[in-house]
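Below is a brief report on one protein model.

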Amino acid sequence: MLTGMNEDAFWQLIEECRPTGPDPDAERLAAELSDRLAQSPLFVVTGFAEQLSWTLYRLDRKEHGEGLSGDAFLYTRCAVVAAGRTAFESVIRDPADFVPYVTDRIWAESLLYAPDHAYERITGEKWDRNTRYSYESYSNTAGWAD
């Protein structure tokens, strides 16, 4: 059982839940994350959602998303997160490392909904999620400044 959700715990959970075989749209990762989060205290679920939003927000930059539709850019950023901390840090350091996710259309939309599914399983209610940082494309105004 998880006891908190700082950045290290977030990435550890991603790594522990990543399947060993192919998972092209991160469906298996998202399902495993939902299962693990649903067995945790609610603050872990909300903490995961905060870390996910913060991580996606950090990728929301002009050098990554210029020319992409909002949805394509969001789902591609999710794929970087689904690929793990090493991939994320590589893309942060070198925007050229984001290109294969775009050209190969690697998407992981399902990752977005993992905390919501866990929240609903714990509480029996839909979650009107409102995190500190928006994961929506183009919300990081500093990342899009000229």
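## Positive phi

Tyr138 sits in the segment after helix 8 (114-123); helices here are DSSP runs (H or I, at least four residues), numbered from the N terminus. Tyr138 is not a glycine, yet its phi is positive, about 70°. With a relative accessible area of 35%, Tyr138 is partly exposed. Buried means under 20% relative accessible area, exposed over 50%, and partly exposed in between (1.4 Å probe, protein chains only).

Ala26 also has a positive phi, near 60°. Ala26 is found in the loop between helix 1 (7-17) and helix 2 (27-38). Ala26 counts as buried, at 5% relative accessibility.

## Basis of the values

The model is predicted: local features need pLDDT of at least 70, side-chain atom pairs count only at pLDDT 80 or more, and totals for chains, interfaces and linings use all residues. Residues are numbered from 1 along each chain as its sequence is written, and side-chain values use heavy atoms, with hydrogens and water left out.

## Largest nonpolar core

The largest nonpolar core has 37 residues. Such a core is a set of buried Ala, Val, Leu, Ile, Met, Phe, Trp, Tyr and Cys residues joined through side-chain atoms within 4.5 Å. Phe10, Ile14, Leu33, Phe48, Leu56, Val81 and Leu111 touch the most other members. Helix 5 (70-82) is among the elements that give two or more residues. The largest share, 8 residues, comes from helix 5.

What does Leu111 touch, not counting residues up to four places away in sequence? Its partners are Ile14, Leu29, Ala30, Leu33, Leu52, Cys78, Val81 and Ala82. Contact means heavy atoms within 4.5 Å.

## Aromatic pairs

The whole structure holds 13 aromatic pairs. Rings of Phe, Tyr and Trp (its six-membered ring) pair if their centres lie within 6.5 Å; planes under 30 degrees apart count as stacked, over 60 as edge-to-face and the rest as tilted. Phe73 and Trp144 form an edge-to-face pair, 6.0 Å centre to centre with 85° between the planes. Phe73 lies in helix 5 and Trp144 in the segment after helix 8, so the pair ties together parts 71 residues apart in sequence. Phe73 is buried, at 0% relative accessible area. Trp144 is partly exposed, at 21%.

Tyr75 and Trp107 have ring centres 5.3 Å apart and planes at 65°, so this pair is edge-to-face. Tyr75 is buried at 11% relative accessible area, and Trp107 is partly exposed at 25%. Tyr138 returns here: Phe73, Phe98, Tyr101, Tyr138 and Trp144 form one aromatic cluster.
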